[in-house]
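Reader: I am new to this structure and would like to know what stands behind the words used for it. Please show it to me before I ask.

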Amino acid sequence: MLDSLGKLVTESGFAGFFSNPDGWRNLVMIAIACVLLYLGIKKQYEPLLMVGIAMGCLLANVSSVFMTSNGQLPDALYHQDLWDRFLNTGAYTVGYEEYLHNYGYILAEGGLIDILYIGVKAGIYPCLIFMGIGAMTDFGPLISNPKSLLLGAAAQFGVFFAFFGANLLGFDAQQSASIGIIGGADGPTAILTTTKLAPELLGPIAVAAYSYMALIPMIQPPIMRALTTEKERSVKMTQLREVSKTEKILFPIVVTIFVVLLLPSTAPLIGCLMFGNLLKETGVTERLSDVAQNALMNIVTLFLGISVGATMVGSRFLTFDTIKIVVLGLIAFAFSTIGGLLVGKLMYKLSGGKINPLIGSAGVSAVPMAARVSQKEGQKANPSNFLLMHAMGPNVAGVIGSAIAAGFLISMFGG
Amino acid sequence: MSIAMAEEAVNAAAEATTGRLKLDIGGNLLDAVLGYLVVFIGLSLLMCVVIIVGKIMVAKTKKPAEAPAAETPAAAATPAAKNLPAAPGTAGEVKIYDTDPKDAAMIMAIVADKLQKPLNELRFVSIKEVK
């Protein structure tokens, strides 16, 4: 009986904190997971994903504490070493060829989250989320004011600025591209790009992307006020023209054909986004549209959050690179906002003061938060100002823009 | 062999084994500018496509609208139509739950017909499909 009791104690996670060389890192990660849970639940920072990410992080680190004498993690829900073997990276470059891109080993030897993570690795979850976003998005404001697309393009400035900065800080091209895409302010796009280019950075990049998206109401307003005058911010824009149903149906078809032919690597994201939107606009597939934007979206969000969070294992997350990623992510967001605002100011000048430059900052994707920030700042300058629908144009253009930016980076550095 | 050459050789060996690419500052800047240009050009071209499609659609919807407009002067000339007073009241705003707007319009028209009252003298609060 004493032996059984002793075995129970030595094999417990509590003992693992001391016996496992990475035990202290797991302990720190458990604390970080609790902070993220607090931010998600109490502060409501993107709670739908943040709670899942935090819980995934907690589960991965709690279950990875106990290590057997031969270095195995029998109770772990997520095995970083298994995925290193899958990619033939880290300590598993030579002699592990049979594991390379072999999902069979993951299914046979993996834990629950390893199996859920297959959906991230294969790029399924981000695309399904894009389908749901498409089914929820009204592209009407963009169709009625196509110039919004320029603002959506301008607001990708931060992506390439951060890409440049990350390279200078010593990251390789694939890692820099993954860090840069944080500036697209689009969670699924960031996750898909990182999974394809630098999967070892997925945890910190996902956390940085979703945290900054939640912080947009704090990050953007000071930049908006610094770069625009009171006169510019108080500009009232004229009402948008009404968009016919036929135009709304044609839009996803035209965008799919045009953008995918232009940049084939955007096919998964743009294809799913536009498919979801087509389901919404046809009017004959209401049931499918409903599933895409509700049931399917919720299920995929659950799996995505928990499996991305699980990649935040102590040995990988607690590095100086994570701090650099967090800083570069903030720079990416700020410069994307600046890019959108500067082109907004240019359009203000060219239109003779008819366009409010504040709608430029909404080009950073993050639908509809960025558009709401533009509306709020515009109304502060002029209480009778209603910019929301005008800002929704650049906002949804930003989704297409970030998908194109991701497609470019994947085609350049995806090997 | 200089240090720079040795570093280059190490980088090339690392790239060959991991597939990872290390960019020098020039290549880095070039890729960043090229990427931004691709996004800008792509979305600018898409903007042109959307504008063209929009113009075609607006032109198509204008044509049928102009045709009845041309007939209106003749209709307006009839004194009976000219002196017709506008019916008082309003249908107000009706809330529709799980009902197609066309069906809702049809229901309102039927009710008005059965009651023998003009539609704008009736007030519909909500229409809901009972499942």
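Reader: How much accessible surface does chain B have, and what part of it belongs to carbon and sulfur atoms?
Author: This is a predicted model. The accessible surface of chain B is about 9,800 Å², and 67% of it belongs to carbon and sulfur atoms.

Reader: What elements make up chain A?
Author: Chain A has 24 helices and 0 strands.

Reader: Why is chain A called as compact as a globular protein of its length?
Author: For 415 residues the globule rule gives 22 Å, and the radius of gyration of chain A is 23 Å; the two values are close, so chain A is as compact as a globular protein of that length. Along the principal axes, its C-alpha atoms fill a box of roughly 85 × 45 × 40 Å. Of its 415 residues, 58% count as buried.

Reader: Which elements does chain B have, and in what order do they run?
Author: Chain B has 4 helices and 2 strands. From the N terminus, the order is α-α-α-β-α-β. Of the 131 residues of chain B, 16% count as buried.

Reader: How many aromatic pairs are there over all chains?
Author: The count is 18. One of the pairs is formed by A:Phe86 and A:Tyr103, with 4.8 Å from centre to centre and 40° between the planes.

Reader: Why is the pair of A:Phe86 and A:Tyr103 called tilted?
Author: Rings pair if their centres lie within 6.5 Å, and planes under 30 degrees apart would be stacked, over 60 edge-to-face.

Reader: What makes the pair of A:Tyr125 and A:Phe303 tilted?
Author: The ring centres of A:Tyr125 and A:Phe303 are 6.0 Å apart and the planes stand at 45°, so this pair is tilted. The pair links distant parts of the chain, 178 residues apart: A:Tyr125 is in helix H8 (residues 124-136) and A:Phe303 in helix H20 (residues 295-310). A:Tyr125 is buried at 9% relative accessible area, while A:Phe303 is partly exposed at 32%.

Reader: Which residues do ring pairs link into a cluster?
Author: The cluster holds A:Phe157, A:Phe160, A:Phe161, A:Phe335, A:Phe408, B:Tyr36 and B:Phe40.

Reader: What makes the backbone at A:Gln44 and A:Glu46 worth a remark?
Author: Most residues other than glycine have a negative phi. A:Gln44 is not a glycine, yet its phi is positive, about 55°. A:Glu46, also not a glycine, has a positive phi of about 40°. A:Gln44 lies in the loop between helix H3 (23-41) and helix H4 (47-63) of chain A, and A:Glu46 lies in the loop between H3 and H4.

Reader: Why is A:Gln44 called exposed?
Author: Its relative accessibility is 56%, over the 50% cut-off, so A:Gln44 counts as exposed. A:Glu46, at 24%, counts as partly exposed.

Note on methods
Residues are numbered from 1 along each chain as its sequence is written. Chains are lettered from A and ligands numbered from 1 in the order in which they are written. This is a predicted model: local features need pLDDT of at least 70, side-chain atom pairs count only at pLDDT 80 or more; totals for chains, interfaces and linings use all residues. Side-chain values use heavy atoms; hydrogens and water are left out. The radius of gyration is taken over C-alpha atoms; the globule rule is 2.2 Å times the number of residues to the power 0.38. Buried means under 20% relative accessible area, exposed over 50%, partly exposed in between (1.4 Å probe, protein chains only). Accessible areas come from the Shrake-Rupley method with a 1.4 Å probe; for residues, only the protein chains shown count as cover.
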